[in-house]
Amino acid sequence: MGDGSRAVFDADRLIGARSTIEWVDLRTGGRHVITEGVRPFLTDEGYLVFGRGESIYAALLDLRTLEIVRGPVRMVENVGAVEDSQATDAMFTLSESGDLVYW
């Protein structure tokens, strides 16, 4: 991200716990939870788009601190999802140009 020193990812948790979206400092290995969810996409404008359950959400991040400053707001609900023992993974993708595709 930005200078290449941080990355955003989703972390699976132990059975029964919810998955989280986190960022990691690639220099130190330090990790920080942003929110609960899966399949994170970060737009150039600073929006974090992610799945939670069978819905797609967006939240505005402060790109300096990677903390949510507005939202999250549910954008789409009743999205197809894959369920396993750890999470419900909403089925969608977001292109670099901003096209959102879900099934």
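Mentor: Gladly, and let me begin with a definition: buried means under 20% relative accessible area, exposed over 50%, and partly exposed in between, with a 1.4 Å probe and protein chains only. This is a predicted model, in which local features need pLDDT of at least 70 and side-chain atom pairs count only at pLDDT 80 or more, while totals for chains, interfaces and linings use all residues. Residues are numbered from 1 along each chain as its sequence is written, and side-chain values use heavy atoms, with hydrogens and water left out.

Here is the setting. Of the 103 residues, 34% are buried. The accessible surface comes to about 6,300 Å², with 48% of that belonging to carbon and sulfur atoms; such areas come from the Shrake-Rupley method with a 1.4 Å probe, and for residues only the protein chains shown count as cover.

Now to the core. A nonpolar core is a set of buried Ala, Val, Leu, Ile, Met, Phe, Trp, Tyr and Cys residues joined through side-chain atoms within 4.5 Å. The largest one here has nine residues: Ile21, Trp23, Ile34, Leu48, Phe50, Tyr57, Ala59, Leu61 and Leu66. Two or more of these residues come from each of strand 2, strand 5 (47-52) and strand 6 (55-62), and strand 6 gives the most, with three. In soluble globular proteins, nonpolar side chains tend to be buried together.

Setting aside its neighbours within four places in sequence, Ala59 is in contact (heavy atoms within 4.5 Å) with Gly46, Tyr47, Leu48, Phe50, Ile68, Arg70, Gly71 and Pro72. There is also a second, separate core of eight residues, including Val49, Ala58, Val76 and Phe92.

Three strands form an open sheet in the order 1-2-3 with antiparallel pairing, where two strands pair if DSSP finds at least two bridges between them. Strand 1 (6-11) and strand 3 (31-36) are the edge strands, each pairing on one side only. Neighbouring strands of this sheet are turned by 25° against each other on average, direction ignored; axes are lines fitted to C-alpha atoms, for helices over the stretch in contact, and angles run from 0 to 180 degrees between N-to-C directions. Strand 2 (residues 20-25) pairs with strand 3 over five bridges, and Glu22 stands opposite Val33 in strand 3.

Finally, the charged pairs. The whole structure has four salt bridges, each a side-chain nitrogen of Lys or Arg within 4 Å of a carboxyl oxygen of Asp or Glu. One joins Asp25 and Arg27 at 3.5 Å, N to O; Asp25 is buried at 13% relative accessible area, whereas Arg27 is exposed at 63%. Another links Asp62 with Arg64, the closest N and O atoms being 3.9 Å apart. Here Asp62 is partly exposed at 24%, and Arg64 counts as exposed at 64%. Glu77 and Arg74 also meet in a salt bridge, at 3.6 Å, N to O, with Glu77 partly exposed at 47% and Arg74 partly exposed at 45%.

Technical notes:
Helix = DSSP H or I, 4+ residues; strand = E, 2+ residues; numbered from the N terminus.
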